[in-house]
Amino acid sequence: MVEGKIVELSVLFADLAGFTQLTNRLGADKTFGVVDRFLKVASEHLISHDGFIDKYLGDAVMAFFNVPIPHEDHALRAVSAAEEILAGMPALGEELGVTLQARIGIATGFARVGGLGHTERGDYTVIGDVVNLASRLEGYAHPGEILIASDVFAQIKERYPRSEEHT
């Protein structure tokens, strides 16, 4: 694993839209099952694109790409995983008997990678502005939307020729 270095990577945050309303409507027990299933499905897509699951935050997942498995196309891998997560939401909602949508934010930039916390229960994580930006983008995204930073767009725009840049 890369440890104690500053590296370029892409960070993705994905969460369930309308989580508070979902909890109010379904109750804690059923909501727990919905969130668990969403996080498992989202994680499968992230891992299939060599994303590293950093942490689960309630109904959200944070992942990063390019560390510990290096890929020059890490931004594209993050976007591809995000598209798969959104594409799978209708089927997941049908399986669970609820309407589900996700919001996703992705940013690319430099961050410090390494272990934090106690040696018995520490986290391998990243810290830097790119993490904060990805989190903010996810917060601004509408249900069913992926918001990407301009650095992500710069790396993937050839793959999406009809897209427009909105910084």
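Modeller: By class, the lining of the largest cavity has six nonpolar residues, two polar ones and no charged ones. Here Ala, Val, Leu, Ile, Met, Phe, Trp, Tyr, Cys and Pro count as nonpolar, Asp, Glu, Lys and Arg as charged, and the others, Gly among them, as polar. This is a predicted model: local features need pLDDT of at least 70, side-chain atom pairs count only at pLDDT 80 or more, and totals for chains, interfaces and linings use all residues. Residues are numbered from 1 along each chain as its sequence is written, and side-chain values use heavy atoms, with hydrogens and water left out.

The lining residues are Phe-38, Val-41, Ala-42, His-45, Ile-85, Gly-88, Met-89 and Leu-92. Two elements give two or more residues each: α1 (19-48) and α2 (74-96). Helices are DSSP runs (H or I, at least four residues), strands likewise (E, at least two), numbered from the N terminus.

A cavity is a set of points on a 1 Å grid over the protein atoms alone, where a 1.4 Å probe fits but cannot get out; lining residues have an atom within 4 Å of a point. Points are joined across faces, edges and corners, and a volume is the space filled by probe spheres set on them. The largest cavity has a volume of about 30 Å³. The count of cavities of 30 Å³ or more is one.

Phe-38 and Ile-85 also belong to the largest nonpolar core, of 33 residues, and are among those touching the most other members. Such a core joins buried Ala, Val, Leu, Ile, Met, Phe, Trp, Tyr and Cys residues through side-chain atoms within 4.5 Å; buried means under 20% relative accessible area (1.4 Å probe, protein chains only). α2 gives this core the most, eleven residues.

How values were computed: 1 Å grid on protein atoms, 1.4 Å probe; cavity = no way out; pocket = protein on both sides within 12 Å on 5 of 7 lines; lining within 4 Å. Buried < 20%, exposed > 50% of the residue type's maximum accessible area, 1.4 Å probe, protein only.
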